[in-house]
Every structure is written in structure tokens, then in C-alpha cells.
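Dear colleague,

Please find below the structure that I am handing over to you. A summary of the findings follows it.

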Amino acid sequence: MRDVDRVAPPGTEERQLLDGIPPDRFPRHVAVIMDGNGRWAKRRGLPRVEGHRAGIEAVRSTVEAAARLEIPVLTLYAFSTENWRRPRWEVLTLMGLLKEYLHKELDSLVEHNIRFRPLGRLHELEGEIQQGLARAVEATAGNTGLLFQIALNYSGRAELTDLVREAVRLARTGQLHEETVDEAWISDHLSTAGTPDPDLLIRTSGELRVSNFLLWQIAYTELYMTPVLWPDFRARDLIRALADYASRQRRFGGVPEEAEEG
Ligand code: IPE
Ligand code: IPE
Ligand code: MG
């Protein structure tokens with residue numbers, strides 16, 4: 001049962017929105033490009049890193065809401081392969097916050113029956129982070145609720161590049177044949193293997209771009225862009241996105257259902 005009361009108390013606007021969503025219109029996979037931390041800080045006259053610090057509360061709130069609403073998969077974009085271009089202090093702070101999050105939130109993930117899965121070129125992250133990630137994966141492996149994926153040192157192009165390299169290697173050693181490679185094989189060999197493609201992609205901070213996130217997987221994903229800056233994002237904003245998604249008509253290249261002829 002969805003724990004609706006804890007996410008949206010009765011009588012609130014977001015509860016009304018939530019109650020209006022038919023159960024079969026909830027997405028199975030929500031992906032989020034968490035953007036706008038720097039601008040959030042700038043508006044307050046604070047250094048950019050304070051925006052990242054404040055963004056942790058938004059992560060906590062969103063993960064918990066997704067778990068309570070029984071959304072099967074949530075994927076958050078936390079650090080792109082291009083984000084290394086940022087000032088050294090900012091990168092160090094982001095990595096520090098990640099360590100802190102893994103340390104502080106593990107118990108809560110376990111408690112909420114959440115399974116944790118990091119995506120990206122994890123071997124390029126510092127050892128302590130790799131260990132923290134491995135610990136979180138192990139501690140939550142038996143959980144059966146929300147699958148919480150976090151993309152770190154991730155980009156869609158890097159993921160596809162790594163897959164092509166792996167395919168070439170397998171082919172060269174006779175373990176992969178041309179006929180084996182189809183769309184399902186590719187999906188099964190990406191870091192998101194085993195999850196449905198995102199139904200809904202949320203991007204905060206008003207930017208209208210995909211910034212190298214899940215390029216293969218979002219072929220038919222519904223996009224929801226909101227001006228809310230990531231540190232301000234809470235369950236009510238997730239619910240607004242879910243309600244909007246529920247009103248969309250998906251076609252996947254076909255015709256709308258009512259137009260189908262016998
Ligand atoms: C998102 O916020 C956090 C990361 C990309 C790690 P930004 O840091 O990109 O914030 P803006 O876009 O500069 O406001
Ligand atoms: C996308 O945000 C990456 C993450 C949220 C981790 P960016 O702030 O890095 O994207 P651009 O540079 O504005 O496209
Ligand atoms: Mg940004």
C-alpha cells in the first residue's frame with residue numbers, strides 16, 4: 001500500500017493531485033537531473049558549494065517520497081563525466097558530501113527497504129567512495145522496495161562508449177556474434193540493465209536540456225522541466241511531476257488508443 005498520508009497530508013493541494021492519479025498511471029521509473037544548486041546559493045549570496053550541501057535534503061526527501069509512493073525505480077543524476085571540469089574545491093566538496101551521505105543515510109535506506117545501485121565509471125572515483133558505495137550496495141541488496149540508482153561520474157555517451165568497447169572485446173574473443181546484438185541486448189548490457197526505461201524524466205532549474213543523461217534509455221521518456229531549483233525540490237514537486245505525467249498520452253510512435261481502428 002502506498003503510504004500517501006506521510007507524503008501528502010489530507011487536505012493539501014498535493015494530496016488532491018495525488019488522489020487524482022489512477023494507480024495504473026504511476027511511472028515505473030522516474031529519472032531526475034538535479035540541477036540549480038549553484039544558482040540557489042548565488043541567490044542567497046552564498047558560495048556554490050552551499051547549494052550542493054542544501055541539495056542533500058532534497059535528495060533525502062525525494063528518495064523517501066518515491067519509496068513511500070511505491071515507485072519501483074528512481075535514478076538521480078548526481079555527477080556527470082563533464083562535472084570534473086568544475087573548480088577543484090567544488091569537486092572536492094561534492095565528493096565529500098557524497099561520502100557523508102553514504103555514511104549518514106545507509107541506515108535510513110535499509111529502514112525504508114530501499115535497494116541502492118550506483119551507475120557510472122565508478123572505478124575512477126576515489127577509493128573511499130568506492131568502498132562506501134560497495135557497502136551501501138551490500139547492505140541493501142536484500143531489500144525489495146524502491147530501487148534507488150545514483151549516477152556518478154556518469155554520462156550517456158561514456159556508457160555507450162564502454163558498451164561498444166566491451167562488445168568489440170567479446171567479439172574478438174568469440175564470445176559475441178553480430179546476430180546477438182539487438183536493442184534488447186544493448187539495454188541488457190547498459191548500467192541500468194534490468195530496469196524499465198524511465199517513464200518520466202524531471203529536470204529542475206528551468207534548463208531545457210538532457211546534458212548527457214541516459215541517452216539510450218530516454219528514447220520515449222516523458223520530459224518534465226520545472227523552474228524549481230534542486231535544493232528547494234520536495235515531495236510536493238515530485239507529486240506535481242507525477243500528476244503531469246499521469247495526464248500525458250504516450251504513443252511510442254503509434255496512434256492514440258481511441259483512434260485505433262478494428
Ligand atoms: C547541480 O547543480 C549539481 C551538479 C551538477 C553536481 P549545479 O551545480 O549545476 O547548479 P547550477 O546549474 O550551476 O545552478
Ligand atoms: C547536469 O547538470 C549534471 C548533473 C545534474 C549531475 P549540469 O549543470 O552539469 O549540466 P549543464 O552543464 O548545465 O548542461
Ligand atoms: Mg547546473
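The notes below concern the ligand site and the pockets.

This is a predicted model, in which local features need pLDDT of at least 70 and side-chain atom pairs count only at pLDDT 80 or more, while totals for chains, interfaces and linings use all residues. Residues are numbered from 1 along each chain as its sequence is written, chains are lettered from A and ligands numbered from 1 in the order in which they are written, and side-chain values use heavy atoms, with hydrogens and water left out.

Around ligand 1 there are 13 residues, with Asp35, Gly38, Arg39, Arg48 and Arg86 coming nearest (a residue is near if one of its heavy atoms lies within 4 Å). A polar side-chain atom of Arg39 lies 2.7 Å from an oxygen atom of ligand 1. Backbone N or O atoms also approach ligand oxygen atoms: 3.1 Å for Asn37 and 3.3 Å for Gly36.

The space taken by ligand 1 is the largest pocket (a molecule sits in a pocket if more than half of its atoms lie within 2 Å of its grid points). A pocket is an open set of points on a 1 Å grid over the protein atoms alone, where a 1.4 Å probe fits, with protein on both sides within 12 Å along at least five of seven lines; lining residues have an atom within 4 Å of a point. The largest pocket has a volume of about 740 Å³ (the space filled by probe spheres set on the points, which are joined across faces, edges and corners). Its lining comprises 31 residues, with Met34, Asn37, Tyr77, Ala78 and Asn83 nearest the centre.

The second largest pocket holds about 330 Å³ of space.

Yours sincerely

Key:
Polar contact = N/O pair within 3.5 Å; in protein donor to acceptor, adjacent residues only side chain to side chain.
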